[in-house]
Amino acid sequence: MTISADAAPNPPHTAAPATVATATAAPDPVDAIAAQWRRERPDLTECLHAMEAFGRIYRLSRGMGDRMERAYAAFGIGRGEFDVLATLRRSGEPFSLSPRELTATLMLTTGGMTGRLDKLERAGLVTRSPDPNDRRGLRISLTPEGRSIIDGAVAAGLDVQRRAVDTLGPERAAQLNDLLRDLLAALEA
């Protein structure tokens, strides 16, 4: 299921960001959809900016998700396995959580988590062991190979994301993050 760390892709490069594009992008498929709605339902024109924003967010998410999946595949894991390994890795030493903690963090059913853990354990990326503080509990821990795989996969995935965001330039990237943070806060309020 996994490849050795030696066969992993090169670490992300640190080249300077791409030149900042100052012109507005060419019309995209979302613009075409909005134009059709403006033609067919002019009464909705004032509301279409929201549809356009979320249409683009959805398309960005789907497209970036596909790119991330390809980056993780180079390490022998999929997005689901990445999520489990990344959660364990960012939990800090000793890189160990209970299945309940993992399930809560990843918002999975216990059945979904069990399937992922089975696959990761068979691949030698995690171990299950008794919880020393709870006779009925388990601890899920990264193995050294699991840590190596997730360290490489997270670097490769971040490089994919960075290259996409760098096309905006630093100021526009910061503005995008501020706007998305505000929008997310409004949805969660």
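A: Met 107 counts as exposed because its relative accessibility is 75%, where exposed means over 50% relative accessible area, buried under 20% and partly exposed in between, using a 1.4 Å probe on protein chains only. This is a predicted model, in which local features need pLDDT of at least 70, side-chain atom pairs count only at pLDDT 80 or more, and totals for chains, interfaces and linings use all residues. Residues are numbered from 1 along each chain as its sequence is written, and side-chain values use heavy atoms, with hydrogens and water left out.

Met 107 sits in the loop between helix 4 and helix 5; helices here are DSSP runs of H or I with at least four residues, strands are runs of E with at least two, and both are numbered from the N terminus. Most residues other than glycine have a negative phi, and most peptide bonds are trans.

Helix 4 and helix 5 pack at an angle of about 110° with their axes 10 Å apart; the axes are lines fitted to C-alpha atoms, for helices over the stretch in contact, and angles run from 0 to 180 degrees between N-to-C directions. That angle makes helix 4 roughly perpendicular to helix 5, since 65 to 115 degrees counts as roughly perpendicular, under 35 as roughly parallel, over 145 as roughly antiparallel and the rest as oblique. Which residues meet there? From helix 4 come Leu 102, Thr 103 and Leu 106, and from helix 5 come Thr 110, Met 113, Arg 116 and Leu 117, with contact meaning heavy atoms within 4.5 Å. By class, this contact has 4 nonpolar, 2 polar and 1 charged residues. Here Ala, Val, Leu, Ile, Met, Phe, Trp, Tyr, Cys and Pro count as nonpolar, Asp, Glu, Lys and Arg as charged, and the others, Gly among them, as polar.

Not counting residues up to four places away in sequence, Thr 103 touches Leu 108, Thr 109, Thr 110 and Met 113.

Helix 5 has another partner in helix 3: the two pack at about 85° with axes 10 Å apart, which means that helix 3 is roughly perpendicular to helix 5. On the helix 3 side the contact uses Gly 80, Glu 81, Asp 83, Val 84 and Leu 85, and on the helix 5 side Met 113, Arg 116, Leu 117, Lys 119 and Leu 120. Sorted by class, these are 5 nonpolar, 1 polar and 4 charged residues.

Asp 83 lies in helix 3, residues 79-90, and is partly exposed because its relative accessible area is 29%. Leaving aside neighbours within four places in sequence, Asp 83 is in contact with Leu 106 and Arg 116. Asp 83 and Arg 116 are 33 residues apart in sequence, with their C-alpha atoms 9.7 Å apart.

The nonpolar side of the picture comes next. Nonpolar side chains tend to be buried together in soluble globular proteins. The largest nonpolar core has 28 residues, of which Ile 77, Phe 82, Val 84, Leu 85, Leu 88, Leu 102 and Leu 125 touch the most other members. Helix 2 (48-73), helix 3, helix 4 (99-106), helix 5 (110-122), strand 3 (134-142) and helix 6 (144-166) each supply at least two residues of this core. Such a core is a set of buried Ala, Val, Leu, Ile, Met, Phe, Trp, Tyr and Cys residues joined through side-chain atoms within 4.5 Å.

Beyond four places in sequence, Leu 88 is in contact with residues including Phe 95, Leu 102 and Ile 140. Phe 95 is in the loop between helix 3 and strand 1, is buried because its relative accessibility is 7%, and has a positive phi of about 55° although it is not a glycine. Pro 94 belongs to that loop between helix 3 and strand 1 (96-97), and the peptide bond from Glu 93 to Pro 94 is cis, with omega near 10°.
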